[in-house]
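Subject: Structure handover

Hello,

Here is the structure for your work.

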Amino acid sequence: MILAAIDIGSNAARLLICETSMYKDGTVDYTKLSLLRIPLRLGFDVFDKGSISDTKKKELIDTLNAYKLLMKIYKVEAYKACATSALRDASNGQKILEEINRETKLNVSIISGQEEANVIYETHIAENLSKDKSYLYIDVGGGSTEVTFFSQDNTLLKESFNIGTIRLLRDKVTDKTWDEMKRFIKTNIRVHQPVEAIGTGGNINKIFSISKRKEGKPLTLDLLKDYYKELSYSTIQERKHLYGFRDDRADVIVPALQIYISIMRWAYAEEIYVPKIGLADGLIKILYKEVSQKKDG
């Protein structure tokens, strides 16, 4: 069965197409057929002006029409499409969803920050973790950051904060919001020691790539601090030249590191694992469950 997930974020819109099959032991294999990312950067409109401009709306609809054509070519049997922080906060978000449906015939739903954390949980990262350790799952996006806390094989906490890379670039994160996240981490997570972090999002994936670490090996907090210092003192052009970053990565990678480092410091987490999964992976797994239950029913 071939399934697709569309994730419309504050920085980019992603299309993930997977082939799913059940193995003889009952487990489900998810084979990635295609992953496409278009940097629409809707957050720059929303966090500055409160709404999405006609120009960005057209780019979004064009992108979704292209994604629809790709899904047809791949013979996708079912899809799930969600929008997160930018469309969530846009005053014209609901109206744009109606236009998307009219122009593309795709059904897109806006999910809350808590629902976003729940979808990320569906990546089943917890299944691969040691049962006697505590883990803090940090997903940093353009508009928000989701944290999920696992301890001794249980999910204890899931929370979403309006602290994201584009919000930080546009100076739209208040000290009060930072304090709320800091208090949440210190109050709920410091008591469960030791804590190891797990990071998802395009920025931590890029840091992992340039670090040349082997798959499955963690990045240290000190290494993240080193990258933060180095990249903070370099210009956008220098980051692009030295590391091959795209424009839409070169500007957001520093605020992303600021978020990861802050959370790890507050939680006393010295290492962070980077499994290279995210919201779209969770959407695929939720969709597989839904489609399977319909078939069984």
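This is a predicted model: local features need pLDDT of at least 70, side-chain atom pairs count only at pLDDT 80 or more; totals for chains, interfaces and linings use all residues.

Helix packing

Helix H8 (residues 202-211) packs against helix H12 (residues 253-267) at an angle of about 95 degrees, and their axes are 9 Å apart. Because angles of 65 to 115 degrees count as roughly perpendicular, H8 is roughly perpendicular to H12. On the H8 side, the contact is made by Asn-203, Ile-204, Lys-206 and Ile-207. H12 contributes Ile-253, Ala-256, Leu-257 and Tyr-260. By type, the residues of this contact are six nonpolar, one polar and one charged.

H12 itself has 15 residues, which at 1.5 Å a residue should span 21 Å. Most of H12 is covered, with 13 of its 15 residues buried. Tyr-268 follows H12 and has a positive phi, near 60 degrees.

Salt bridges

Side chains of opposite charge can pair when their charged atoms come close. The count for this model comes to 15 salt bridges.

Asp-251 pairs with Arg-41, with the closest N and O atoms 2.9 Å apart. Asp-251 is in the loop between helix H11 (247-250) and H12, while Arg-41 is in the loop between strand E3 (28-38) and helix H1 (42-49). This pair links distant parts of the chain, 210 residues apart. Since buried means under 20% relative accessible area, Asp-251 counts as buried at 15%, and Arg-41 is buried at 12%.

The salt bridge between Asp-45 and Lys-49 is 3.8 Å, N to O. Both residues lie in helix H1, four residues apart, which is about one turn of the helix. Asp-45 is buried, at 7% relative accessibility, whereas Lys-49 is exposed, with a relative accessible area of 61%.

Lys-276 and Glu-215 form a salt bridge in which the closest N and O atoms are 3.9 Å apart. Lys-276 lies in the loop between strand E11 (271-273) and helix H13 (279-296), and Glu-215 in the loop between H8 and strand E10 (219-220), so the pair ties together parts that are 61 residues apart in sequence. Lys-276 is partly exposed, at 32% relative accessible area, and Glu-215 is exposed, at 60%.

Regards

Methods:
Residues are numbered from 1 along each chain as its sequence is written. Side-chain values use heavy atoms; hydrogens and water are left out. Axes are lines fitted to C-alpha atoms, for helices over the stretch in contact, and angles run from 0 to 180 degrees between N-to-C directions. Helices (H or I, at least four residues) and strands (E, at least two) are DSSP runs, numbered from the N terminus. Angles under 35 degrees count as roughly parallel, over 145 as roughly antiparallel, 65 to 115 as roughly perpendicular and the rest as oblique. Contact means heavy atoms within 4.5 Å. Ala, Val, Leu, Ile, Met, Phe, Trp, Tyr, Cys and Pro count as nonpolar, Asp, Glu, Lys and Arg as charged, and the others, Gly among them, as polar. The expected span of a helix is 1.5 Å times one less than its number of residues. Buried means under 20% relative accessible area, exposed over 50%, partly exposed in between (1.4 Å probe, protein chains only). A salt bridge is a side-chain nitrogen of Lys or Arg within 4 Å of a carboxyl oxygen of Asp or Glu.
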